[in-house]
Amino acid sequence: MSSWTTDEMASTLYQPVEDLETPALLVDIDAMERNIEEYVAVADENGVTLRSHIKTHKNAELAALEDEMTDGGGICCQTLGEVETMARNGIDDIYLSYQVVGEQKLDRFCWLSQKVERLATTVDSAATIDLLQDAAQDHEITADVILEVDMGLHRTGVAPGSDAVTLAERIDEAANLSFDGILAYESHVKAEADTESEFDDLCWEAMELAEGVVDDIEAAGIPVDEVKVGGTATSRYSGKHPVVTEINPGMYPFNDVGELELRPWEVSKDDCAATVVTTVISVPDDDRLVVDGGSKTFSLDKPQLPVPKNRDDIKYANASEEHGWIDTSNSDESFAVGDRLEFIVPHVCTTINLHDLIIGARDDQVEELWEVQARGKVR
Ligand SMILES: Cc1ncc(COP(=O)(O)O)c(C=O)c1O
């Protein structure tokens, strides 16, 4: 249940943004729709499906909007709790890009498989395959399975080569599993590429590696129907490779400071749809003020700090839990308690996860309220 009451929600809807109580997590709906349309165009150009990762916003209405705008591309989830939230709200084509481990989770996955039209999951070891096969057999279902291959992130995934083929064969031979393809998530490129051409080259290199895996598995007589790749930064580069069938970006409707810094040639402040509006609560001296947004408002799990949305003369310098220190030493403006300052969020996925509600605004008026429904659903 949301901690927002109906009255509180009603008093927020249709209000001018300038009247919102702060700190307020805001999404510029026009910018969000533009961003989605841009990735739809990228997917169309490359003839790939755009399946949006909803781990970023955890809201079923936004998931349905993405599904509709991508012409039924479906969604990805990272937890079974997210899958449950989406399934209960009518989303019926879901890929869980995560390993299902543990008896209760395997049961939940099997039940959910029967509730939605399509639910696929991820394996990367003999153990995850065998446990899933046993559960699927007990529930008398056939589970759709994607084999995750490690493209260089060295997080999860089987190594390309003979180990990947061995696991594909194991899935193929399992009576209650259907081998649908591979997940080749190439986000290591984000740490290695600094320029557009480096993104292009390194994503292509990763996709060549993925093509090798597909060739090896198909040489063993197992068709690889799906090759799922890509986050927000890499999808438009990797998606160009003919081996790819599907891109899975999550942050793309919103962007954030991380994406802004990573790819300045294609992400501008105007493309950053998710911001937090804060209020100045204290102006202790001429060089510094404090706003009501600290580390419980902006997630600071990455090196980036919030960046002012519409100005460059002030800097978010430091945070404690409820306080944001703003360096105003380069500004000619004199600030007062009660002034409002808007900041682009440093990391959008983890920042949204701190809030109950995403406030959607168009032309500076609140038009939508999206509860962060799967917030806290880490299981
Ligand atoms: C497997 C997988 N696919 C897609 C995504 C979405 O990537 P991004 O958040 O960069 O859009 C993630 C994010 O963590 C992921 O783990």
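Two strands are said to pair if DSSP finds at least two bridges between them. By that criterion, strand E1 joins strand E17 (residues 357-362) through three bridges, and the two run parallel. Helices (H or I, at least four residues) and strands (E, at least two) are DSSP runs, numbered from the N terminus. This is a predicted model, in which local features need pLDDT of at least 70 and side-chain atom pairs count only at pLDDT 80 or more, while totals for chains, interfaces and linings use all residues. Residues are numbered from 1 along each chain as its sequence is written.

**Strand E1 and its partners**

- Within E17, Ala 361 stands opposite Asp 28.
- E1 also pairs with strand E11 (residues 274-285), here in the antiparallel sense and over four bridges; Val 277 in E11 is the bridge partner of Ala 24.
- Five of the five residues of E1 are buried, a residue being buried if 20 or more other C-beta atoms lie within 10 Å of its own, exposed if 12 or fewer, and partly exposed in between, with C-beta atoms placed from the backbone.
- In a regular strand the side chains alternate between the two faces of the sheet.
- In E1, Ala 24, Leu 26 and Asp 28 lie on one side and Leu 25 and Val 27 on the other, and both faces are covered.

**The nine-stranded sheet**

- An open sheet of nine strands shows parallel pairing in the order E2-E10-E9-E8-E7-E6-E5-E4-E3.
- Its edges are strand E2 (49-50) and strand E3 (52-53), each of which pairs on one side only.
- E2 and strand E10 (residues 246-247) pair in the parallel sense over two bridges, and Leu 50 has Ile 247 in E10 as its bridge partner.
- Helix H7 (residues 162-173) lies across E6, E7 and strand E8 (177-183) and runs at about 175 degrees to E7; axes are lines fitted to C-alpha atoms, for helices over the stretch in contact, and angles run from 0 to 180 degrees between N-to-C directions.

**Helix H4**

- The buried residues of helix H4 (residues 80-88) are Leu 80, Glu 82, Val 83, Thr 85, Met 86 and Ala 87.
- These buried residues pack against helix H3 (60-69), strand E4 (75-77), strand E5 (93-99), helix H5 (103-115) and strand E6 (118-123), two residues being in contact if their C-beta atoms, placed from the backbone, lie within 7 Å.
- Gly 90, which follows H4, has a positive phi near 90 degrees.

**Backbone exceptions**

- Most residues other than glycine have a negative phi, and most peptide bonds are trans.
- The peptide bond from Thr 22 to Pro 23 is cis, with omega near -5 degrees; Pro 23 is placed in the loop between helix H1 (6-12) and strand E1 (24-28).
- Asp 71, in the loop between H3 and E4, has a positive phi near 60 degrees and counts as exposed because it has 11 C-beta neighbours inside 10 Å.
- Glu 140 has a positive phi near 55 degrees and is found in the loop between helix H6 (126-138) and strand E7 (143-148); with 9 other C-beta atoms within 10 Å, Glu 140 is exposed.

**Ligand surroundings**

- The residues around the ligand include His 53, Ser 97, Tyr 185, Thr 232, Asn 248 and Met 251, where a residue is near a molecule or strand if its C-beta atom, placed from the backbone, lies within 6 Å of it.
- The shell has four nonpolar, six polar and no charged residues; Ala, Val, Leu, Ile, Met, Phe, Trp, Tyr, Cys and Pro count as nonpolar, Asp, Glu, Lys and Arg as charged, and the others, Gly among them, as polar.
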